[in-house]
Structures are given as structure tokens and as C-alpha cells.
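Me: Please take a close look at the part where the two chains meet, and tell me carefully how it is built and what lies around it.

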2 protein chains.
Amino acid sequence: MKEKIRVVIWGLGSMGSGIANMILGKKGFKIVGAIDMDPNKVGKKLYEILGVEENEDNCCIVTKEPSEVIKRDFAEVCVIATASFTRVVFPLIKMAAEAGMDIVTTAEEMSYPRAQEPKLSEEMDKIAKENKVSILGTGVNPGFIMDLMVIMLTGVCDRVDSLEVSRINDLACFGKAVMVEQGIGLNKEEFIKGVKEDTVAGHVGFLESFGMIEEAFALKFNNIRQEKEPILTNVPRSTDIVSVSAGDVAGCRQVGYADLGDKLFVTMEHPQQIKPELEQVETGDYIKINGVPELNFQIKPEIPGGIATIAICVNMIPLVMNSEPGLKTMLDLPIPRAIIGDVRDLVKDRD
Amino acid sequence: MKEKIRVVIWGLGSMGSGIANMILGKKGFKIVGAIDMDPNKVGKKLYEILGVEENEDNCCIVTKEPSEVIKRDFAEVCVIATASFTRVVFPLIKMAAEAGMDIVTTAEEMSYPRAQEPKLSEEMDKIAKENKVSILGTGVNPGFIMDLMVIMLTGVCDRVDSLEVSRINDLACFGKAVMVEQGIGLNKEEFIKGVKEDTVAGHVGFLESFGMIEEAFALKFNNIRQEKEPILTNVPRSTDIVSVSAGDVAGCRQVGYADLGDKLFVTMEHPQQIKPELEQVETGDYIKINGVPELNFQIKPEIPGGIATIAICVNMIPLVMNSEPGLKTMLDLPIPRAIIGDVRDLVKDRD
């Protein structure tokens, strides 16, 4: 039997610990290191943090010192789930790559880092090749439903006139950080001020999705633009975390547009809110390809954001391990797929 | 400006001439050869057969002698659209590969030839590598909607318990050959006899789709089985080609199953019929992933079979040209995508 695939998890927030749990539920993985800054987690065994039974795959001690686990011959793979932005995860990626680890990250901007960080992207590609590792950012959005899936659907089209993509989702299950990022609970004026001052971040990913679509078609879009609007509720809406009065902000409706020549080519719409069902809003993922043939795609209810991002990060690990070295995107690798059996059966022979 | 990509089309039936038309509608292609056996086509110029205006990209003369156009340095790509079965297209593939051409074929079995022809597949892989070319079979089904798309959707799943795939389509636009293959117009007894004696072929592709799914997950299915049942109409249905009385066969409902261990894992259902709307049957493509998360996918109405198969064959040409040599499947190549701009922008530098 082949050796288990050794993984280091960098960041044990809701994504990182979800990823750790999923990895431990699969055959053929072992988590050999976990890094987090939270004093409540540091020094504990991983299985304690995750609240699962101890076994040989989950008993590493959580450290705040990366150098204790990010070192040569310690692991094959490092999963980085600490932040959304390329420039923030870059030093972590560099360190893991230089330790010879293949890397998967949840950082949204890393799903297509050339869109906003071309220089860092070039550097990551160079570091990856020098160290013979592959680096991939992925997630459900950006990384899958509003870009990769759209591109793939056009594969059965003779002509594509325009693309309309919409993801209507429910944020009720998320925590405080997401509520703040989306401006939920603010009044209209506070929301508008928050957008101006960048405290209401909204969805991070449209620029990355546009970039991936441009590369797929070898096109250059014009006039890429996006807007964030408050979703004002007509009825009170509340979760365990936040209570929103009628008239206030229950979510953030983000829209993005890109032109081809001077004609609108891509429309993206991503209203994210808590408890959409209270105003009879049905959640779902919708893609419309206007062209020949016209295609109307839906997944209803929407692909759930949290679990799906966790899953695609884990599922891509064997494909990243099999890849030739470099900075990769979902466009470069074979299509994602679930790990159903032993993950080692999906990994090509290692040298 | 780079030279245009030179293509030979082998077979000018409805698929082959559709492919020729689509290719000629794109920037950067030139059709330099066309092969067909039909005496009404041989000797004519391609543009006459296609009923389009003459230009420098479409004026080759249709030949029945493959050796006139399947020769070294004559074309980069050969598209083969003559038959459904690997053993029938194998000699054509061999000839084109030995002439140094990359190959795309519509042959259904070629979408996953290892399923039914493992020996020929090995031989094709060897020939492809010796001649530094790539060989791909594709189409909308098999090749896309009941296999590749199903696999891709599982990429956002932590757990997959079972897969249910259904494609409900309308055959009314197809010709005589398809009506005969599907047993349309027969009575129930004739249909059952036709299935036994293999004159009612039904859908060619379930075994290929199962094979592709097995490879994607590195699993081996048990008890793969399929059935063909007549779709008996309660009302008269007719097209230009065929008239079906109430009580007779308006289509073929093909179902396929595959077990994982001793548990049903994949269910495929593909009822193909003329004029389903006369009995309030709504056409569509449906995929249900039972697992975590559960996903309910639909494209409604269904991806239209003819134009979509033509499109995916053409759209895969640049990806086949970019591929390393060998016998390839849709699993090996990057995701399909439309050719929107100049196809040469999608092709990596050739040596």
C-alpha cells in the first residue's frame, strides 16, 4: 500500500477546519501539521479542535509557528485557508512552495490571481517551477459556478452572443465576519458609506471570474465594472448573529458587467442575503447562454457556498499533485470530481 | 499573421457537413480536403455541397479517395464523422494519424473507446504517440451531458451516494436513419424483436459514459446493465419523415444502471422520441447528485443533440492540437469552451 498523502492545514477558521474534517473523512490522507494564530487553538491536538475521535491521522498539535511544519519532506500538500487576498497569502504560499509542497488555497483572488496581481502571479509561477510544485486557488465562487461552469457550457455552442450568470444565495448560516463584510444589519446610508470606504467588501471574485473567462476565450473585455447595492428588506429578518429591521440592509446585491468591443457580453448578478425566503426569493444558480444553441441552466437551490468550497479545495488536491509545476488555475487542470474511493488511487505515481 | 489551421472533413453527412459549416463560420480555419462516398457529392466543390458562397477556405473538391487528402503536410486536423463504432472508424483514424494529423471524431464509442475496444484503444494510443498526434472522440452524449458534466458537478461534493442522470429529448428534427435506429413507427412486437436482433440500436453511449465515470473516480462498477423499452404513444404523432399511430412506437426509452459494490450507484435514463409535447412531456437534461451537498441540475429544454455535437467537435479542435500526443478523452483535456474569436489565438505555438 502506498504511503498516505501528508497534508498541512494553514488556518483553522470555518473553511480550514471544514477542510480538515473532510480530509480526515477520506481514505488515504493524513494531516501532519496545522497552523493557527488563535490562542484557544494553539497547543491543542487537532482532533480536539475538530471535536472528533483521536486517531493516527488527526493527532498533530496546532502550532502558531509555521516553520515547525512548513519544512522540507514534511508534507506533500499545504492547504492555505487564512485570507481572501493574494497579497496576504503570498508569503505563506512562498514559504510552503519553497518547502516543496503542492498548494491549494481558498483565497478568492487566487482563483485567478493574474486579474489583480500580475506581478505576484509571475513570481508565484517562478517559485512553483523552481521548487517543482503546483499552486491552485479554488472555491465554489470564484472558481466554479460563475466562471468555470459558464465556460464549460459554451463548449456545446456554435455561437455565443452574451452570457448571463446569476447566483442567488442565502447567508443565514454564516458568522459575524460575513455579516460585516456584506453590510447586513446596516441602514441604507451606512451601507453606501461602507461601500465607499471599503468596509463593506461584498463578494470578492467578479474580477477573477472575468479574468478566467477572458483567458478561456482568448479575448480581452472592455469596461469591466461592478456595483454593490443594498438589499433592503420589507420585513424583519434575523439569524442567531444579526437582526435586521424592516427597511434596513438584509444583504448585498453585487452586479458586474464586461463588454466585448462596445457590446455588453457578460452580466453577473450575485445578491447575497439572509433569509431570502421571507420575501419569497428563491435561491439558485442560473446561467443563460445567449447564442446558438441558447442554453438555460439552473441548480436550485444554489450550490451551498461553505460546504462546496471546502469540497472543491479537497477534491482538487490529487489533480494539483498530478499537475506539472507552476501557478495553475481551474482552466489548466482536468475537471474537478469528488474523491469517492481512496485518494491515493487518483494520484499518479510520484517520483 | 499565423497560417490558417487546415482541416480535412471525412464524411459529409448531417454531422460532417454541419461541422464543415461551423468551421467555415469561424476565423482562422481553412478546409483543405473533404471525403465522402456519395456519388452526388464526389467531384463537386465543398461550397456547392454546403450551399454557401465560394471563398478560398471552402473550395476544395470532394473526393472519394482518402489518399488524395490524407497525406503528410496536407492538414493539421482531420475530423471524422462517418460512423458510431470504434472498429469502423479505426482504419480511418490510423490513416489520418499516420499522416500526422490531429483527429476529432463524432463516433460515439470513441468518446470512451476503452469501454468496448480496449485493444484497439491501446493500438490507437501507440499510433498517436508514434506520430505525435492526439485523437479525441466527443459529442454532446456521450462526451458531455451524461458523463463529463456529471463528473464535474461532483467536484463540489464532499460525499456522493448516487448519481441520477436523465436526458429527455425530441428527435422530430432528425432524418430516416435515426428513426430506424430508434425503432420509431414500429409496433410494440416489432420493436421488441428489433431490440433482440439489434436492428433497433437505440442510444450508443451508456457503456462509454459509465467507463468515463469509472475512470474519473478511479472506481470499478459492478453489474453494468441497460435496457431499451418502446415509448408507446397514446396519440398519433408524425414528422415529415414518419407517421406513428396511437399505440405504436414513438421512441426508445433507454435506461442504464451501474452498481458500486452491491449498491446502485448510477442511474441513466434517456427516452428519445418524436414530438414529446403531444403528450405533455417536457424535454430537458437533469442531473441529481445524491450526497453532501445534494445538487439538482437542469438544462431546459435539453441541449439540442445535433448542433451541440457539431459545436463540441469543432470547439475541441484547438484543445486537441494543444494536447500532448496520445489517445485522449474529454477527461484528459481542459474543459471545452466556445471558439468566439480567432481560433489561432487558442492554439499554442506549433513547432
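Reply:

**The contact between the chains**

Chain B and chain A bury about 4,000 Å² between them, 72% of it on carbon and sulfur atoms, where buried area is the accessible area (1.4 Å probe) that two parts lose on being put together, summed over both. On the side of chain B, the residues that lose the most area to chain A are B:Met152, B:Val156 and B:Ile340, together 17% of what that side buries. Counted by contact, which means heavy atoms within 4.5 Å, 46 residues come from chain B and 46 residues from chain A.

This is a predicted model, in which local features need pLDDT of at least 70 and side-chain atom pairs count only at pLDDT 80 or more, while totals for chains, interfaces and linings use all residues. Residues are numbered from 1 along each chain as its sequence is written, chains are lettered from A and ligands numbered from 1 in the order in which they are written, and side-chain values use heavy atoms, with hydrogens and water left out.

The same surface serves both copies, since 100% of the contact residues of chain B recur in chain A.

An open sheet of twelve strands, with mixed pairing, runs in the order 8(A)-11(A)-12(A)-7(A)-13(A)-14(A)-14(B)-13(B)-7(B)-12(B)-11(B)-8(B). Here strands (E, at least two residues) and helices (H or I, at least four) are DSSP runs, numbered from the N terminus, and two strands pair if DSSP finds at least two bridges between them. Strand 8 (222–232) of chain A and strand 8 (222–232) of chain B stand at the edges, each with a single partner strand, so one side of each is left without a neighbour in the sheet. Neighbouring strands of this sheet are turned by 10° against each other on average, direction ignored; the axes are lines fitted to C-alpha atoms, for helices over the stretch in contact, and angles otherwise run from 0 to 180 degrees between N-to-C directions.

Strand 14 (residues 295–299) of chain A pairs with strand 14 (residues 295–299) of chain B in the antiparallel sense, over three bridges. Within that pairing, A:Phe297 has B:Ile299 as its bridge partner.

Between them, domain 1 and domain 2 of chain A bury about 1,100 Å², 72% of it on carbon and sulfur atoms. A:Tyr112, A:Gln116 and A:Leu331 supply 47% of the area that domain 1 of chain A buries against domain 2 of chain A, more than any other three residues.

Chain B also holds an open sheet of seven strands, in the order 3-2-1-4-5-6-15, with parallel pairing. Its edge strands are strand 3 (62–63) and strand 15 (326–328) of chain B, each pairing on one side only.
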